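Please open the model in your viewer and keep the selection panel at hand. The tour begins with one residue and then widens to the whole chain.

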Amino acid sequence: MGKTVRFGVSLDADLLKPFDELSAERGCPSRSEAIRDLIRNALVQQEWEDSAAEVAATLTLVYDHHLSDLAQRVISAQHDAHHLIVTTLHVHLDHRHCLEVLVLRGPGGEVRDLGKRLAAIRGVMFGSLTPATTGEKLC
Ligand code: NI
């Protein structure tokens, strides 16, 4: 962690009021922490805009493993992209439904494409990619 630098920020009171309200709603302890969060979010978003930059993400899938060869197709698609998958968690939600959480790491473009490919498999009921970061560019 680098040394802390203090700087002043000037902005319209009409903009500060909703910012403080939003920060309080999100449980942010101070304006400094709220501004740090905004900067980190912007940096993570920038990482994702560069499709070659290394990112981390989680992908959540829900599917019905009774549907013909669906479970096999989900597994095959994961094996094809084994280099992007750090780990998987499989939960048998009930007699029919499976929930899988995949932790992904690799170039943003490939991670995004894998998320789309798996979520688009016919029979997958829910697919959601949550962008994260490897943290290397954040302090
Ligand atoms: Ni299952």
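**Starting point: Leu-11**

Select Leu-11, which sits in the segment before helix H1 (13-25); helices (H or I, at least four residues) and strands (E, at least two) are DSSP runs, numbered from the N terminus. This is a predicted model, in which local features need pLDDT of at least 70 and side-chain atom pairs count only at pLDDT 80 or more, while totals for chains, interfaces and linings use all residues. Residues are numbered from 1 along each chain as its sequence is written, and side-chain values use heavy atoms, with hydrogens and water left out.

Is Leu-11 buried, partly exposed or exposed? Leu-11 is partly exposed, because its relative accessible area is 43% (buried is under 20%, exposed over 50%, partly exposed in between; 1.4 Å probe, protein chains only).

**Then: the whole chain**

Switch to cartoon view for the 4 helices and 4 strands. From the N terminus on, their order is α-α-β-α-β-β-α-β. Show the C-alpha trace, which spans about 60 × 30 × 20 Å along its principal axes. Finally, colour by burial: buried residues are 27% of the 139 in the protein.
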